[in-house]
Amino acid sequence: MSVPDTRDRLAAGSVRVGQAPDVFEDLRRVGVLKRVRLAGEPADRSLARMAGVAPGTPGAWLRGERFPQTIDALLVVLGSIRAEAAARGILDTTVDGAAGETVAELLDEERWRTSFDVERNRRTRADRAVAQRQQAHNARAEEERRVRWAALPDRPRPVACWTPKRLGVHPAIAGRRAPGDDPAYVLPVYVPRGHDERLRARLTAAADSGAQPVLVMVRGTSCTGKTRSAYEAIRAAVPQWNLLAPLGPDALLATLAAEALGARTVLWLNEAQDFLHGPSGEAAAAALLRRLDGDGPLIVMATLWPEYDDALTRPATSPVDDPHRYARTLLAQAHRVQVPDDFTEDLAAARASARNDPSLHAAVTTGGVALTQTLAAAFDLVDHYENPVGEHGATGRAVITAAMDAHRLGATGGLPLDFLKAAAPGYLTEQQRAAADPEIWFTHALAYARTDIKQVTAPLQDVPRPSGMGALPGVARLADYLQQYGRTTRRRRCPPATFFDAATSHLANPDQLHALSQAAKRHHRYRHAAELHRAAAEAKHPYALSELAIMWAKAGDWEGAERLARAAAGAGNTSALRDLAMMCEEAGDREGAERLAQAASQTGNSHALHQLAAVREEAGDREGAERLAQAASQTGNSHALFQLGAMREKAGDRKEAERLYYAAVHAGNASALYQLAMMQKEAGDWEEAERFARAAADTGNSNALYQLAATAGNREEAERFYRAAAGAGNTSALRDLAMMQEDAGDWEEAERFARAATETGNTSVLRALAEMRGEAGDWEGAEGLAREAADAGDPRALGRLAEMRERAGDWERAEGLAREAADAGAPYALRELAVMRGEAGDWEGAEGLGRAAADAGDPRALGRLAEMWGEAGDWEGAEGLAREAADAGAPYALGRLAEMRGEAGDWEGAERLARAAADAGDPYALQELAKMLDDVGKEHLLRFGLEANGSVAQAWSWPGLSTDSTS
């Protein structure tokens, strides 16, 4: 059988599942006849004109991909093909060896009328049966939805029925009371700021009757007014809508399962990180993605801190272990509105409003610009913590600090009081511990930590029950502002041993245990990490056993690691078996690698086999690679089939490569369609290449069309393919179309394509056009496009223009653009500018911009400047900047400086900086410390890590696991 015949048979087979085989098989056979024996005549376009159908329709019929709507148009096509066959004298020859059937018999009109009627009647019966089944299914689904709806703890209510207190708006220090709320709740007059106009415009657009569901995120740090801003915007834009505010990810999942989010509803997700972290959060994110694909209008209103936004949207380090896959996809759709940290730009308006509001007046008269923080008593909260007074102030501060460390290391939410009690002693001096009464010290410390600050807030607060009334007993949560404050001020601190021991003994929440185990490992406290991993595993965290297995393998206990990995696989997580296989391969144990990869495959994860195959192929072991890929393919792994196809293609066996690519397509790997298109293009068959490219685009992969455009022989063909790719959703094609129009001088058309790309979420085209306009000297046009990109959520264009202005010598305009970019969410622009100033010798300007970048959320500028200072010999200045960078969240700066000090021969300084980096959580700090030891000391350090106090840990034994954790 020839390759083209195989291809057509497979293509036909892909669409005949569940259909009568005769009519589609016969259509395919006619198609083969036309393409092979009639050399493609008559042309599909000619047939389409004669039959009065769309140009692509006859080809689709003759590939067996579509059933004709009427017999008349089909008979016109078949009659034209019969006439061509008669002209060539082949009517009396056999078609394809099938039962000796002739071409004339295959093209007989009565045969086709009969086949058409049979298939149409079959479809009518099938459609009727489907409709009946669908009606029954809909009735059952509606009944199930009513049951789920009745069980919901929270249901949508009109916006006006929700109080600001219930929606999480912070009370204020003094002022008027919110209507309908309790007398202790104070709500000052609202002062709109610049971001409010953008937010309300976005919500108004989302409220249009034809609008699709949208996710709007109000992004800002604690106590900057983001929740109040969202609350006021909802009341202004959609006051007649319903609103639903679930209490957590499980409640959100129940709401979505009950289909309770109908049109004209606001889903309120204040502090969205509480809904999107952990396994339940991922499930909620996936369900919410499905709802956003449904009918609108619908508004999901979320508030989020910048650090949580960054953590949830950070790309995964592994395609398999991706804890925020759905949260990242969800947040990529968000329309972000950034809330400024202060009232610098709106102070006059605040002062005017303060004349009639006691609460706002009290904040304004302090003389500062951080009015929202003042209103929320945030600064008084910090003063209560930092400057403890009274007999029990020190122990109260210790309890608060333990809660701070728990939150900043990932153990968010409510914390057991038993945990705080056991952790707090490590934060006290020996004298303070000796002076404390062992019977009552915690009672008084807790009272200090629960002190009301200006009747607005308290450091430790009650946690409401998930349902019903009252607070959960024995649990407390840290005030939002102190969470943020602890992340900043204690970033470089490693908690004491009592903290980790208390977590191991008193925390039962698997997510909290897992987060702290990861933090302990990040700080190189391996003993504590192992104990916390063990506790998380016993609490049934899905990743804990896998991570513990990897730790054991790194420590050299391969047998124990494999036992744990198999236990993890039994619990549903096969990643450790895969990772151990790769580690064995790297260590030279090829037999062990294959054994583990096979074990992973037997538990349903065949990725290990094809990943191992890729490693073997890269190492030159083509035979071993094919053997492993073949084993993976036998499990139905479409990636392995694709991999085998690529191997055969590289070996020059195009026929077998094509067969394997087809098999991959039928196994669900649409990427193989792309490869088939590229193979046909390279063979010069552009028509077939286009067919495969369009088939790939139908599966969501428009890259083949894009590649055909990029390699087309002329501009007209390139533009045709680009437009096809763009129509299939390829925004890179829109970018290239825009660039083509820009190069041709049609700026208006270029901008049209750029804006079309922006509507799909790709703002890079506007950014590229802005750069091109800047390079052409049209700074006004460039800035206009850059601001348009920034308004669409991509401020990087402003950053690129800032760099261009800096290189052009316009420092003042460059800094202005960089600050605009930072305000819009791209602080890297200030970082790049800081480095450029440093390279130009403007050290003072560089430091100022570096600190501005850090304040805006990007401390890497300070780290880069520390390196530059060190290279210039200013070690004192370099260390100061590196510590600032670590405080702001970039501990690697200390590690890099330690490396530089070691290279310069200052081993004492290098060790001091490396230990500071380890405390701050730099994952590479231990390697820097190890460089300063002999081989034995190095091996010991890398295996056992550090104690909580920073000293090298003594040898310790791995903690045992309870039987049911590994069974």
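Trainee: What share of the contacts with a separation of 6 or more comes from residues 24 or more positions apart?
Mentor: Good place to start, and keep in mind that this is a predicted model. Among contacts in the chain with a separation of 6 or more, those between residues 24 or more positions apart make up 63%.

Trainee: How many helices and strands does the chain have?
Mentor: The chain has 967 residues, and 51% of them count as buried. Its secondary structure consists of 53 helices and nine strands.

Trainee: Is strand S2 largely enclosed or open to the outside, and how many of its residues are buried?
Mentor: Val214, Val216 and Val218 point one way from S2, while Leu215, Met217 and Arg219 point the other way, and all are buried. Strand S2 (residues 214–219) is therefore largely enclosed by the rest of the structure, with the number of buried residues being six of the six.

Trainee: Which residue of S6 is the bridge partner of Val218?
Mentor: S2 pairs with two strands, so let us take them in turn. With S5 (residues 298–304) the pairing is parallel over six bridges, and there Val214 has Ile299 as its bridge partner. With S6 (residues 335–338) there are four bridges, also parallel. In S6, the partner of Val218 is Val337.

Trainee: Which peptide bond is cis, with omega near 0 degrees?
Mentor: Most peptide bonds are trans. Look in the loop between helix H12 (278–292) and S5, where Pro297 has its place. The cis bond runs from Gly296 to Pro297.

Trainee: What is the phi of Cys223?
Mentor: Most residues other than glycine have a negative phi. Cys223 lies in the loop between S2 and helix H9 (226–237), and is buried with a relative accessible area of 7%. Its phi is positive, near 65 degrees.

Trainee: Where is Lys540?
Mentor: Lys540 is not a glycine, yet its phi is positive, about 70 degrees. Its place is the loop between helix H26 (526–538) and H27.

Trainee: How far apart in space are Glu271 and Leu304, C-alpha to C-alpha?
Mentor: Glu271 sits in the loop between strand S4 (265–269) and helix H11 (273–276). Glu271 is buried, with a relative accessible area of 10%, and touches residues including Thr303 and Trp305. In sequence Glu271 and Leu304 are 33 residues apart, while in space their C-alpha atoms are separated by 5.2 Å.

Trainee: Which residue in S9 stands opposite Leu460?
Mentor: There is an open sheet of three strands in the order S7-S9-S8, with antiparallel pairing. Its edge strands are S7 (415–416) and S8 (460–461), each pairing on one side only. Two bridges join S8 to S9 (residues 475–478). Opposite Leu460 stands Leu478.

Trainee: Are H44 and H45 roughly parallel or roughly antiparallel?
Mentor: Helices H44 (residues 811–823) and H45 (residues 828–839) have axes 8 Å apart, at an angle of about 150 degrees. An angle over 145 degrees counts as roughly antiparallel. The two helices are therefore roughly antiparallel.

Trainee: How many nonpolar residues does the contact of H44 with H45 have?
Mentor: From H44, residues including Trp811, Ala814 and Arg819 meet Ala829, Leu830, Leu833 and Arg837 in H45. By class, the contact has no polar residues and three charged ones, and the nonpolar residues number eight.

How values were computed: Residues are numbered from 1 along each chain as its sequence is written. This is a predicted model: local features need pLDDT of at least 70, side-chain atom pairs count only at pLDDT 80 or more; totals for chains, interfaces and linings use all residues. Side-chain values use heavy atoms; hydrogens and water are left out. Axes are lines fitted to C-alpha atoms, for helices over the stretch in contact, and angles run from 0 to 180 degrees between N-to-C directions. Angles under 35 degrees count as roughly parallel, over 145 as roughly antiparallel, 65 to 115 as roughly perpendicular and the rest as oblique. Contact means heavy atoms within 4.5 Å. Ala, Val, Leu, Ile, Met, Phe, Trp, Tyr, Cys and Pro count as nonpolar, Asp, Glu, Lys and Arg as charged, and the others, Gly among them, as polar. Two strands pair if DSSP finds at least two bridges between them. Buried means under 20% relative accessible area, exposed over 50%, partly exposed in between (1.4 Å probe, protein chains only). Lists of a residue's contacts leave out its neighbours within four places in sequence.
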